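Open the model in your viewer and keep the selection panel at hand.

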Amino acid sequence: MKKILLSLCMGVVLFTSCNSDDDEPQIIDVPVSEGAYVIGSGNMSASINGNLTYYDYTSFTATQNAFEKANGQSLGLTANDAIRYGSKFYIVVDNEHTVFVTDANTLRVIRAINTTELLGEADGAHPRCITAYENNIYVSTYGGYVAAIDTVNFNLTKKYKAGSYPEGIIVSNGYLFVANSDYGNGNASISQINLTSGQDSPIVNTNIRNPQQLALAGNDLYYLDYGQYGPAPTYAQEHAGVYCISGTAVNLVIPDATGWGCGGTKIFTYNSPYGSNQTTYSVYDLSNHSLSNFNPEGIDSPAAIAVDPVSGDVFIASYHLTTSDWGTWADYYSPGYVNVYDNSVSTKKDNFDCGVGPTRIVFNISTSKVEY
Amino acid sequence: MKKRITTLWICCVMSMLCALAQTQRRDTTTQQNYKIQEVVITESKKARTVSSTAPLHILGRQEMLKTGITDMADALHRMPGINLRDYGGAGGVKTVSVRGFGAKHTGVSYDGIMLSDSQSGEIDLSRYSLDNVDNISLVVGDNDEIFIPARNASTPATLSIQTIGVPTADTAPHLTTQLKIGSFGYISPFLRYEQNFSNKFAFSAVGEYTYAENDYPYSIKNITMTMHDHRTNSRMSSGHGELNFVWNPNPTNRLSGKVYYYDNDRQLPGQVHYYVNVSKETLHDQNAFGQLIYQTFWTNGLSFKWYGKYNWYASRYRDPLYTGGVMDADYWQREAYTSAALLYSPNEHWAFDYSADYFYNNLNSSLATDTRPFRHSILQSVTAKYRHQRLNILARVLYSSYLNDAKDGDGADDMRKLSPSLSFSYKLLDNQNIYVRASYKNIFRAPTFNENYYFHYGSPDLKPESTDQYNIGVTWRSGDEQKTSWQITVDGYYNHVKDKIVAIPYNMFIWRCVNVGKVRTLGTEATAQLTHRFNEHHALTWMGSYSLQDTENRALPGSSSYGLQLAYTPKHTGSMTLSYENPWVNISLNGQGVSSRWANNEHYESTEIDGYWDTNLSAYRSFTFGKHTIEGRFDIKNLFDQQYEIVRFYPMPGRSWQLTINYKF
């Protein structure tokens, strides 16, 4: 039924477009952002399960443990990534080797996909990141693979071999890009896999050390790289930042970054390096290649950052701090919080509590028909 | 598996038959003599628990049988103040902490010499089975046994495992064969041979093998749901062998020695998951050591003991679910140890001991970040004991030096420290065994190699973690000759840990160890035992222990964990045993339990672990035909099929059984 409605609407859009010269009202698809999902990894070493917080834009209230409340069951250990696609919301849980498929609005579980069953134990272990493209979701695993899974019957559409310890993935123009972190051991690469043939032509470069996240802007591929740690006793962080692959050139565009959020033409980053409580924040504007710093009010220790693609609002999740004579550090065992800012991060609009270990913020985007 | 059991059965029966054939003509009276001696020794030890200046708990072999103790974990649960961390099943790692000190503060000695793990600082007690154990004892603080190596007094609490000694009288060979089978694919044959070749030289050999599938079913609560599954990747295959000798060239000289080897190849089932049951981790432990103890007495009140030991330990960890072996690691540890102790007792009131220990530890691994750390340790102690009529006083100072270095890197800070202890007991009445006791002990632990050196975790500039403990107690014991005999001990204590080593994060991936923690424990514990002998064949014994432990985290005022009970430390711990000895089948009903605990210091919502009470039923009977004794024993563990966890996400087995057949002559 939904499908028919959709094509009907599309017909209307086409029809009205043809008569755009007329004064008759036009109906177009407009993305609408209804809320934000905050995925918390929990903390495996303290036996704390992963969690989901939903922040509703109509009431501006947050529901903590939203997954547990909707399903009477827990996400399990180490929730790592999520995506809203179609009418569904998908959650990747690393240590359960599971991708939960839920209804985007009720959050009721429709299916739990075990990646170890889907791909085999070695290849499917530890699912990490998720993206979606043409009625498939794509899930990377530490086993070194990416699974394309049909969003209707949840069968495996295709299994792609990637590099070592894949993290972030992105699909565009018939190509699957995979950030192969190599678990920070130095043999990193970014896979460039032809979706039809499964052929990988990986990008290897001295500037690709420990890539974690990917974003595409036109033909430019941006990636967040954790870099590496220097020798003892300082273990100083080296080469972490955002890099851009443009043609064969790989350039550092935002030095010193350990987390990012992309939206519109901007990449927002934070840097909380080892051995320092000095967190810095940078924003890079792709439209004019400008890099500037910003200072979000009320963030103790950033854990995730994201930009609502509709409103442009910037969400920053943070840990609370533990303070002592020995200094101050992030409390990885207690629930964190999220601050909401405008696009320039100059005004704090709202603030809500989330769960332990916030790790990813995803927006509840649907399309709405607007007549004008 | 079935085939394996059958083969083992055949082997066992065969060995029994051979043994029977060999020893038809053997003297029965000596056997009786041993029995009596054993009982006397155990009894006098038991009496020591009330006169001891510091809390002392002893479980002898006979008592373990009588009270239905099935394994090491079970025995440890019966001792008050002990908090056992158990990852479940036969293959699960088991470590003990005492009275709110961490497991790294619990010393474990095996036949008089301390065991060590310089890497983690914790001894996995699942390695030691009870089959060859004569008694285990726990001393909290320093008690009146003073003729010991300095290192044996270097921990707040020491658990001593004493294996079965060699016989002292006849020269015939003695053989013990035993087969244990149980639920979840458990089978364990045991063989012990001992003989006095002359009245000067005795020898024993022990071999033991354990195989277990550990594939027990469990259920785990998931918010409103209950998930049912069974443990997988949980198999273990372990063996242990020992050769022992005692040589008494003359009545004043004694040399004893041991060669020991242990091998455990096990799968690790890991934390249970709600939605998958996938685990591939394995751990292979190998431990070999040799030790010698020489003892001599002179007529002028001087005695001398010398100890020597060389220990080698390898562990091999694999996790194939992480491709490229990024989690895999091999570790090798070595220790060379020697100790000399001189005891001088000029008269019946005074005794003085000077002990000096030296040991060398090193560690290397397959990790690229390994710096090959090593440590020289020199420990010296001077102890004085005074005993006059109803008073026992013990005072000790221990001077410790730990000198650290690393072959391929910077060494950790050296440390030198003086640690005093003082304790006394006083018999209140002349005609009653009522004692009051009080003790104080200050001691510390040096950081482990992990805490000092582990990449992105260790800090070389750590201070030692120091502890103070105060104990006062009352003990009361009736005479043994009475029809109804009993014993009660009640102790109250205050413990304090300073400069506790805690890992704090700089970010999610890099943690550093710092001396930031403080812990304060207030506790009380009580034990009681009541035996009523109806006649020479029937006796009823009731035993109970209870411990209340308030262990507060006092680190970081203002933080979310300040003032809260430490993780995995129950407030209430208890055990109870009822045993009935009779001519038909001896029966023991026993149980142990703890109140709820938290899985983390922060008491994060939904991480509280429920308390439990685990009940066991045990029945045994021995048959004696001349010199031959056959003993059959049947145990039902977790009688009421309670599903509980000691460590979160590591469910313990439900109801299970174990059958033991033992034959000896």
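Select A:Ile130 first: A:Val139, in strand 9 of chain A, stands opposite. Strands here are DSSP runs of E, at least two residues long, and helices are runs of H or I, at least four; both are numbered from the N terminus. This is a predicted model, where local features need pLDDT of at least 70, side-chain atom pairs count only at pLDDT 80 or more, and totals for chains, interfaces and linings use all residues. Residues are numbered from 1 along each chain as its sequence is written, while chains are lettered from A and ligands numbered from 1 in the order in which they are written.

**First sheet**

Two strands count as paired if DSSP finds at least two bridges between them. Now show the open sheet of four strands, order 8-9-10-11 in chain A, with antiparallel pairing. Strand 8 (127–133) and strand 11 (156–161) of chain A are its edges, each pairing on one side only. On average, neighbouring strands of this sheet are turned by 20 degrees against each other, direction ignored. Axes for such angles are lines fitted to C-alpha atoms, for helices over the stretch in contact, and angles run from 0 to 180 degrees between N-to-C directions.

Go to A:Tyr85. Opposite A:Tyr85 is A:Lys88, in strand 5 of chain A. Six bridges link strand 4 to strand 5 (residues 88–93) of chain A, and the two run antiparallel. They belong to an open sheet of four strands in chain A, order 4-5-6-7, paired antiparallel. Strand 4 (79–85) and strand 7 of chain A are the edges; each has a single partner strand, so one side of each has no neighbour in the sheet. The twist from one strand to the next averages 15 degrees.

**The core**

Colour by burial: a residue is buried if 20 or more other C-beta atoms (placed from the backbone) lie within 10 Å of its own, exposed if 12 or fewer, and partly exposed in between. Buried residues make up 49% of the 372 residues in chain A. A nonpolar core is a set of buried Ala, Val, Leu, Ile, Met, Phe, Trp, Tyr and Cys residues joined through C-beta atoms within 7 Å. The largest has 143 residues; A:Ala82, A:Ile91, A:Val146, A:Leu176 and A:Phe315 have the most contacts inside it. Centre on A:Leu176. Leaving out residues up to four places away in sequence, A:Leu176 touches A:Tyr138, A:Val146, A:Tyr160, A:Ile169, A:Val171, A:Ile193 and A:Leu195. Contact means C-beta atoms, placed from the backbone, within 7 Å.

**The interface**

Show both chains. Here 40 residues of chain A are in contact with 36 residues of chain B. Strand 7 (109–114), helix 4 (121–124), strand 27 (321–324) and strand 28 (327–330) of chain A each supply at least two residues of the side touching chain B. Strand 27 of chain A gives the most, with three residues.

**Two loop residues**

Select A:Asn173, in the loop between strand 12 (166–172) and strand 13 (175–180) of chain A. Its phi is positive, near 50 degrees, in a residue other than glycine. Is A:Asn173 buried or exposed? A:Asn173 counts as exposed, with 8 C-beta neighbours inside 10 Å.

Last stop: B:His456, in the loop between helix 5 (449–453) and strand 23 (465–477) of chain B. B:His456 is not a glycine, yet has a positive phi of about 65 degrees. B:His456 is partly exposed, with 14 other C-beta atoms within 10 Å.

How values were computed. Two residues are in contact if their C-beta atoms, placed from the backbone, lie within 7 Å.
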